[in-house]
Amino acid sequence: MKSAAQDEFWNDLYSRAAPTSSGKPGMALAQFAGPLSPGAALELGCAKGDDAVWLAGRGFQVTAVDISSVALEYAAENARRAGVADRMRFEAHDLAVSFPEGSYDLVTASFLHSPHDWPRTKVLARAASVVRPGGHLLIVEHGSYAPWSWSSNETPPPTAEETFRAMDLAAHDWQRNCVCQIERAANGPDGQTALVKDNIIFLQRIG
């Protein structure tokens with residue numbers, strides 16, 4: 001289920017983007033999820049499918065979620081082209097309204113931000129709730145903004161620790177593998193480059 005306004009915004013955004021995938025996972029996903037054994041994975045905000053396709057290529061059974069039907073069409077085609085479509089399922093959700101069913105060994109959400117008023121912390125807490133015992137949660141968020149970002153003129157983003165605390169998870173249920181910040185080179189839509197910081201919240205469910 002999706003809200004019409006959010007759906008229209010994101011469909012318009014992706015309609016103006018190239019449909020093909022880079023074929024490369026996000027740096028943080030490769031670093032933190034790369035050593036994990038394959039299982040059932042859920043990606044929230046899959047966009048054109050780079051991360052989801054990479055996970056499927058490593059043997060995960062992936063449920064890939066996005067609000068945009070255009071993005072999901074791109075992701076499905078990129079999965080087919082990569083030969084992993086049989087290990088992937090695509091679902092359309094506005095995660096503030098509806099959520100995929102089931103539980104997962106890995107739940108990942110990379111840059112799950114919106115320029116609209118949207119209950120992000122509530123969605124991230126819901127994401128944590130569908131991680132199986134022994135499974136992992138990986139959240140990657142902006143620790144700083146690139147100059148071309150729509151958020152570049154807003155107040156500074158929260159720290160990883162602030163986001164983690166806002167999710168209000170039961171401390172005894174989770175092992176904190178990394179609540180930290182990393183730096184990476186970002187590429188802008190018109191060929192710009194900038195060093196940016198990403199917040200990482202990488203947890204394992206022990207309860």
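This is a predicted model: local features need pLDDT of at least 70, side-chain atom pairs count only at pLDDT 80 or more; totals for chains, interfaces and linings use all residues.
Me: Which residue with a positive phi follows H3?
Reply: Residues are numbered from 1 along each chain as its sequence is written, and side-chain values use heavy atoms, without hydrogens and water. H3 is a helix of residues 50-57 (helices, H or I of at least four residues, and strands, E of at least two, are DSSP runs numbered from the N terminus). With a phi near 105°, the residue that follows H3 is Gly59.

Me: How many of the 8 residues of H3 are buried?
Reply: Those with under 20% relative accessible area count (1.4 Å probe, protein chains only; over 50% is exposed, in between partly exposed). They are Asp51, Ala52, Val53, Trp54, Leu55 and Ala56, and they pack against elements including helix H2 (27-33) and strand S1 (40-44), with contact meaning heavy atoms within 4.5 Å. H3 is largely enclosed by the rest of the structure, because the number of its residues that are buried is 6.

Me: At what angle do helix H5 and helix H6 pack?
Reply: H5 covers residues 120-129 and H6 residues 160-167, with axes 9 Å apart. The contact involves residues including Leu124 of H5 and Met167 of H6. The angle between H5 and H6 is about 70°.

Me: What is the relative accessible area of Ile206?
Reply: Ile206 lies in the segment after strand S7 (193-205). Beyond four places in sequence, Ile206 is in contact with His172, Asp173, Trp174 and Gln175. Still, Ile206 is exposed, and its relative accessible area is 52%.

Note on methods
Axes are lines fitted to C-alpha atoms, for helices over the stretch in contact, and angles run from 0 to 180 degrees between N-to-C directions.
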